[in-house]
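This report covers a nonpolar core, a sheet and a ligand shell, in that order.

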Amino acid sequence: MQIAELEYDLVSRAAGAGHGVAVSARGLEKAYGAQQVLRALDLDIAPGEFVAIVGRSGCGKSTLLRHVAGLERADAGTIRVDDAERRGLGADTRVMFQEARLLPWKTVLENVGLGLPGDWRPLARAALADVGLAERADDWPAVLSGGQKQRVALARALVHSPRLLLLDEPLGALDALTRIEMQGLIERLWRQQGFTALLVTHDVAEAVTLADRVILIENGAIALDLRIPLPRPRERGDGAFAELEGEVLHRVLAREARES
Ligand SMILES: Nc1ncnc2c1ncn2[C@@H]1O[C@H](COP(=O)(O)OP(=O)(O)OP(=O)(O)O)[C@@H](O)[C@H]1O
């Protein structure tokens, strides 16, 4: 590891240390009608860890995320967050979706401050500054680009200092360059704030860029759990990066080839 990378690592880890929750799923089962989506799924996430979930369309990624969020109840099995059983969306948890879901009749600042008690403006301004949009506080959401709207959605999630951030394909609708910028922003804020992150994505390169572990779901269970031991920030052109990306892709595509 280079000295600059090491410093980056130490400084950001120290700043956010001890904030994220541990997540533990045991024997999760979920069916929609006759379709069994999650099958005896077990998953452990360490405090402050960044885990990415990949898998073919319809394999159950978002379903798993909604269960971890507490937005849906499993047919069987449990989810524990810092050892407490999850029942409903916890105050320590925020979710970010593919659409920013901003309220069009409220300004950018008001959107970020939604639900904050008391003197919320300074907090909301600080969160907007963290995502690089301090000067857009008084704008309406309608005049922002897609990437800017997602920045606002990120500020709205992080203003609550969540201990668990769930990201359901949040960059899926963005162009490639904006997407890479947003990945850098999410990584920086995760490292500063130390929350636990669970990201659902179709983009294997995005998963390898951001995650400590990449998890592949097949047949409603975890088919691959791959640690990404690369220093951060990660270089996409790097040989070790390409090798890990290839390993995940190979596994996803092998399955698709068997089924087509
Ligand atoms: N509320 C629901 N009612 C009925 N079926 C559902 C519901 N939610 C999900 N499903 C089904 O469960 C399966 C898994 O859906 P899920 O959204 O978790 O997949 P995914 O892996 O996130 O897919 P994608 O990558 O396409 O977003 C799909 O076949 C979907 O149609």
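Which residues of the largest nonpolar core touch the most other members?

## Basis

This is a predicted model, in which local features need pLDDT of at least 70, side-chain atom pairs count only at pLDDT 80 or more, and totals for chains, interfaces and linings use all residues. Residue numbers start from 1 along each chain as its sequence is written.

## Nonpolar core

Ala 52, Ile 53, Leu 198 and Ala 211 touch the most other members of this core, which has 65 residues. A nonpolar core is a set of buried Ala, Val, Leu, Ile, Met, Phe, Trp, Tyr and Cys residues joined through C-beta atoms within 7 Å; buried means that 20 or more other C-beta atoms lie within 10 Å of a residue's own, with C-beta atoms placed from the backbone.

Helix α5 (residues 146-158) gives the most to this core, six residues. The core lies between domain 1 (3-92 + 163-259) and domain 2 (104-161), because both give residues to it. Domain bounds come from an automatic or database assignment.

## Sheet

Six strands form an open sheet with mixed pairing, in the order β6-β7-β8-β3-β9-β10. Its edge strands, β6 (93-96) and β10 (221-227), each pair on one side only. Pairing requires at least two DSSP bridges; strands are DSSP runs of E with at least two residues, and helices are runs of H or I with at least four.

Strands β3 (residues 50-54) and β8 (residues 196-200) run parallel and are joined by four bridges. Ile 53 stands opposite Val 200 in β8.

## Ligand shell

Residues around the ligand (C-beta atom, placed from the backbone, within 6 Å) include Tyr 32, Gln 35, Lys 61 and Thr 63. α2 gives the most to this shell, with three residues.

How values were computed. Buried ≥ 20, exposed ≤ 12 C-beta atoms within 10 Å, placed from the backbone.
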